[in-house]
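Q: I have not looked at this structure before. Could we go through it together, one topic at a time?
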Amino acid sequence: MSAPSEVPKVNKAVSNGYGPPAEPFPLPDNADILTQNAIKYMSFAGDPRTRFIFQNLTRHLHQFVKETDITTEEWMTAIQFLTATGQKCTSLRQEFILLSDVFGVSALVDAINNPNVGSATESSVLGPFFTEDANDVPFGESIASEGKGEYMLVQGRILNTAGEPIPDATIETWETDDLGFYDTQYTDRQGPDCRGRLKSDAEGRYQYRAVVPVSYPIPGDGPVGTLLELVHRHNNRPSHLHMMVEKKGYHKLVTALYPEGDPYLTSDTVYGVKKSLVVKLTKIESDEEARKHGFKKGPFTLLTHDYVLLTDDEAREARKKVTEANLLKEAEFQKLIS
Ligand code: BEZ
Ligand code: FE
């Protein structure tokens with residue numbers, strides 16, 4: 001007789017170790033009991049913030065399903081959409097961020113976390129095209145290789161809220177070329193282009209050559225593109241120039257400037273535009289002026305803008321007000337669901 005063949009070991013399904021609630025839930029014989037049970041389940045989280053977020057999320061999700069009377073087919077479509085969104089993500093493509101962007105959620109999170117304070121420059125969405133590999137660009141030099149677009153000179157100062165210069169601040173800046181593509185969208189990318197890392201000088205000044213920004217569509221070849229088509233929405237961002245300004249002791253500023261007159265200014269598909277970030281561009285025709293600044297010839301466009309940073313303490317103070325308001329909301333929420 002031959003030896004008995006090896007019986008494969010079957011691993012028993014392993015529970016996560018938590019037992020049933022000490023007090024049994026009522027059986028969910030109707031939708032309202034189901035909602036109450038689902039919210040109660042989230043109350044077991046030890047951390048109050050975690051508890052608040054997940055109880056609130058559950059409440060709003062249930063409310064959404066009830067208010068829309070969603071059908072089984074519609075819910076399956078939503079599940080398939082989210083599945084496709086995840087499948088579209090790679091190390092270079094983040095479709096979930098894009099989804100959050102087109103719902104205005106990224107801009108909302110940004111607005112709540114960077115409250116507007118006095119003269120400080122307002123923030124704007126980071127977007128998915130910032131990279132860490134920008135070259136260091138000396139004062140007055142170019143972030144764009146020749147032929148990437150119409151010439152633009154960008155200059156101004158980095159200041160604190162008292163109007164004093166901030167020297168040695170790091171300024172990251174990035175934009176598309178005149179075809180509306182970031183360097184990372186080219187499969188044959190040789191290295192960083194239309195992006196650079198600069199420093200403010202002793203008087204807080206910065207200056208660099210770039211190209212005139214153009215409006216461009218956000219990537220439309222994934223589920224988010226399909227969604228925008230479904231709801232008959234355009235997928236364009238108005239022309240803009242991204243900036244990220246950092247200096248030790250100051251709150252990091254992530255923002256963008258939006259030249260006036262762009263047809264998409266008031267319908268940015270990711271809600272990044274704020275009035276204070278809309279800027280005027282000036283056309284300078286003179287060849288001589290152009291050469292003085294390192295361009296081959298005129299004309300060129302001038303963009304002058306000062307950035308005002310909050311100190312860490314000023315930013316913390318502004319955030320504290322938001323946090324205090326949140327604690328009140330949390331207390332109100334507990335009353336609402338009890
Ligand atoms: C951008 O400005 O680079 C951007 C922001 C949000 C979504 C897509 C692009
Ligand atoms: Fe952009």
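Q: To start, how far apart do the end C-alpha atoms of residues 145-289 lie, and how much of the span is helix and strand?
A: This is a predicted model. In it, the end C-alpha atoms of residues 145-289 lie 20 Å apart. The span is 34% strand and 8% helix.

Q: What does UniProt list for residues 145-289?
A: An unreviewed UniProt entry lists them as "domain: Intradiol ring-cleavage dioxygenases".

Q: Now the metal. Which residues coordinate the iron ion (ligand 2)?
A: The iron ion (ligand 2) is coordinated by Y182 and Y216 through their OH atoms, and by H240 and H242 through NE2, at 1.9 to 2.2 Å.

Q: What spacing do those donors follow along the chain?
A: The donors of the iron ion (ligand 2) follow Y-x33-Y-x23-H-x1-H. Within that pattern, Y216 and H240 are 24 residues apart and link distant parts of the chain. Y216 belongs to strand β6 (residues 216-217), whereas H240 is in the loop between β7 (236-237) and β8 (241-246).

Q: Are Y216 and H240 buried or exposed?
A: Y216 is buried, with a relative accessible area of 4%. H240 is buried as well, at 1%.

Q: And what is the geometry of the iron site?
A: The site of the iron ion (ligand 2) is irregular, with angles of 54 to 171° among its six donor atoms.

Q: Changing topic: how many aromatic pairs does the structure hold?
A: The structure holds eleven aromatic pairs. One of them joins F129 and Y182, whose ring centres are 4.4 Å apart.

Q: Why does the pair of F129 and Y182 count as stacked?
A: The planes of the two rings are at 15°, so the pair is stacked; planes under 30 degrees apart count as such.

Q: Where in the chain do F129 and Y182 lie?
A: F129 lies in the loop between α5 (105-113) and β1 (135-136), and Y182 in the loop between β3 (170-174) and β4 (195-199). The pair therefore ties together parts that are 53 residues apart in sequence. Both F129 and Y182 are buried.

Q: What about the rings of Y206 and Y208?
A: Their centres are 6.2 Å apart and their planes are at 35°, so this pair is tilted. Y206 and Y208 are both buried.

Q: Which residues do ring pairs link into a cluster?
A: F25, Y41 and F44 form a cluster linked by ring pairs.

Q: Last one: which ring does the charged end of R209 sit over?
A: The charged end of R209 sits over the ring of F295, 5.7 Å from the ring centre.

Definitions and conventions: Residues are numbered from 1 along each chain as its sequence is written. Chains are lettered from A and ligands numbered from 1 in the order in which they are written. This is a predicted model: local features need pLDDT of at least 70, side-chain atom pairs count only at pLDDT 80 or more; totals for chains, interfaces and linings use all residues. Side-chain values use heavy atoms; hydrogens and water are left out. Donors are N, O and S atoms within 2.8 Å of the metal (3.2 Å for Na, K and Ca); water is not among the atoms, so sites may look incomplete. Four donors count as tetrahedral if all angles lie between 85 and 135 degrees; four count as square planar and six as octahedral if opposite donors are over 155 degrees apart and all others between 65 and 115; anything else is irregular. Helices (H or I, at least four residues) and strands (E, at least two) are DSSP runs, numbered from the N terminus. Buried means under 20% relative accessible area, exposed over 50%, partly exposed in between (1.4 Å probe, protein chains only). Rings of Phe, Tyr and Trp (its six-membered ring) pair if their centres lie within 6.5 Å; planes under 30 degrees apart count as stacked, over 60 as edge-to-face and the rest as tilted. A charge sits over a ring if NZ of Lys or CZ of Arg is within 6 Å of the ring centre and within 35 degrees of the ring normal. UniProt positions are given in the numbering used here, feature names are shortened, and annotations may be inferred rather than shown by experiment.
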